[in-house]
Amino acid sequence: MNTDLGIVSYPGLDKQATLASTSWHLRVIPMGNPQCDPMSVAIKVVHFDLHATVVHPTGNKQENMYWVLISAFLVPLLIFLISKYRTFDVIVTSVGRTPNVHSYLPWPMLVVEFLWDIPAFLERCRVRYGPVYRLRIAGQGVVIVSHAETIKYVMKDPHKCFTNNINTTIFEGVGGVTPYTINSTLINNLLSFMHKAFSNRNIHLLIPSFNQQLSANIQSFACRQTTDRVSLVTFVGRSLYSALSLSFCGPLFPTDTFSEFMLVDSNTLHFLFPFWPSSQKAYRARASLKSKLGVFIERVGPELADDGESSYSGIEILKILKAASVPPSDQQGVILGLMLAMHAASIRMTAWFMAYILSDSSAMTRLRAEVDHAIETEFGSLESLLSAPSHRLGSHMFPLLESALKEVLRLSVAAITAREVNKDTILTVDEHTSFVIRQGDYLVTNGYTVNFDNSIFEDARTFRIDRFLKTSAETVDLPDPVSSFGGGAHMCKGQDFAMYEMKVFAITCLRLLEIEGETASGHICQGADARCGR
Ligand code: HEM
């Protein structure tokens, strides 16, 4: 059961099947770091359990017991009953109409089945109904599209038939902003500000402080004078979260909000389906996080009154909100919504990257060789790499790393997004097949099918570090339309920075730390064969 539903970072079933079957230890040993006492750090163990951590990154024992009971008895029973008594019919078979997924059981059952395992549900329906089909949930029509070219068309939206309500849903539904406080003009202003701040042209303003914070955070994990175990997501997430928050919002930002943030992110969908059992936990985390953001906004008050441009983009965003008369309590919700975009996918994708290379010792060795070679021949030291312009970390310098990151994104990114249909339109799948899509329906693109399609990607379910490596000096672009960063007007506004930060995290770890996967029994894994905990 997967409850880790980040907005754009849903870890799919396939990775759990291949990587999550055991509990692992990650031994982190700083290499030649004069600030660390090698005797004390060599025994330190950072523990992560891919299944329990990435899928259930947080939660206390009582709540887990609750889930165990539900998982063990009620839910299997429910699923059994659904599959036994529910009949699926293709209601309309005439050309031009979408096949309807029809159930005689009430729609909440469909929602439970959907939330239970989204990729598996979508794949089951695709096999049964084809690349375009329609569900009804609480009276709302939802059309699912699982065809590469059609997804591309929806993202590009050349005839302006689809409206993207996701940002409003996130600000209001997840951030808790009062409905109608923010309009589409304000949202567009915020998005274009984010686009500018995180574009290749401007990230040089962000990266000196980000890189300094990040390498300090990574080293401080390795130098901890304790044998406490932390999860892989925590190791990656805390390091990235505080580095980006401080360089984006300034030194007054409350970095002690990481746990609350992760809880909110993991339960994103539960804000939209409040009946889900863990929703209350998410609501409490959100209240605590927003109250700390409220204190932060109060403390930066004098900076907001300053007419000059702040060196922190987060402060400029608060100025935009203030100028639009958004009340302080709603400013907290907007900031929370933007934080989800900034951190959620990057943290989880970087954690998956670490998990994949820890599972594949030859991939780790090749990456380390590439990093060492670049540092020794081109930069001289890690410090000078970290202060170099971002374009110097491009695919020409780190072709294997770039390919590895693209492969991790292909396998791990949530390839599902939604649009509202604002006028009747025809979706064409091929020259013989097209479907009428009705105004008022929601259209959901299912990119999982495309990412795991063997006719597009050979042996699509396997992690291949050099899949996107054409020659030693060149990487291949992800085949259209499988962009992990979306497409069209709503393409990810932080994609340049996202690639950069994942690279910097990987390079810093590969250069500074000796990292080994180790099974729970203490046996050090030697590549893919060892990863099932034998
Ligand atoms: C590996 C990391 C990331 C991935 C895989 C990712 C992926 C995506 C995707 C697929 C979308 C489009 C959703 C849609 O079309 O409905 C999106 C939107 C967005 N992303 Fe990212 N993202 C990442 C990191 C970031 C970062 C670091 C930022 C920081 C600014 C960011 C900011 C945004 C924003 C503001 C949007 C909304 C764009 C709009 O609606 O116009 N993302 N992201």
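These legends walk through several close-up views of a predicted model. Residue numbers start from 1 along each chain, following the sequence as written. Since this is a predicted model, local features need pLDDT of at least 70, side-chain atom pairs count only at pLDDT 80 or more, and totals for chains, interfaces and linings use all residues.

View 1. A contact here is two residues whose C-beta atoms, placed from the backbone, lie within 7 Å. Another stretch, residues 519-534, stays under 50 in pLDDT, with 26 contacts beyond four places in sequence. For the scores, the model gets ipTM 0.99 and pTM 0.83.

**View 2. An open sheet of five strands.** Reading across, the order is β3-β4-β9-β6-β5, and the pairing is mixed. The edges belong to β3 (132-137) and β5 (162-163); each has a single partner strand, so one side of each has no neighbour in the sheet. Helices (H or I, at least four residues) and strands (E, at least two) are DSSP runs, numbered from the N terminus, and two strands count as paired if DSSP finds at least two bridges between them. In general, strands of a sheet pair through backbone hydrogen bonds, either parallel or antiparallel.

**View 3. Zooming in on the strand pairs.** β3 meets β4 (residues 140-145) in the antiparallel sense over six bridges, and Val132 has Val145 of β4 as its bridge partner. On to the next pair: β4 and β9 (residues 442-446) are parallel, with four bridges, and here Val145 sits opposite Thr445. β6 (residues 416-421) runs antiparallel to β9, joined by five bridges. Thr445 turns up again in that pair, this time opposite Thr417.

**View 4. Around the ligand.** The ligand is surrounded by 24 residues, and the closest are Ala345, Thr417, Gly486, Cys492 and Gly494. To be near it, a residue needs its C-beta atom, placed from the backbone, within 6 Å. By class, the shell has 15 nonpolar, eight polar and one charged residues. Nonpolar covers Ala, Val, Leu, Ile, Met, Phe, Trp, Tyr, Cys and Pro; charged covers Asp, Glu, Lys and Arg; the others, Gly among them, count as polar.

**View 5. The buried residues of α8.** Ile170, Phe171, Glu172 and Val174 are the buried residues of this helix. Buried takes 20 or more other C-beta atoms within 10 Å of a residue's own, exposed takes 12 or fewer, and partly exposed is in between, with C-beta atoms placed from the backbone. These buried residues pack against α12 (258-266), α13 (268-272) and α17. Just after α8 comes Gly176, with a positive phi of about 75°.

**View 6. Two loop residues with positive phi.** Ser325 isn't a glycine, yet its phi is positive at about 60°. You'll find Ser325 in the loop between α16 (313-323) and α17, exposed, with 9 other C-beta atoms within 10 Å. Asp459, also not a glycine, has a positive phi of about 50°. Asp459 lies in the loop between α21 (447-451) and β10 (469-471), and is exposed with 9 other C-beta atoms within 10 Å.

Conventions:
pLDDT is the predictor's confidence in each residue, from 0 to 100.
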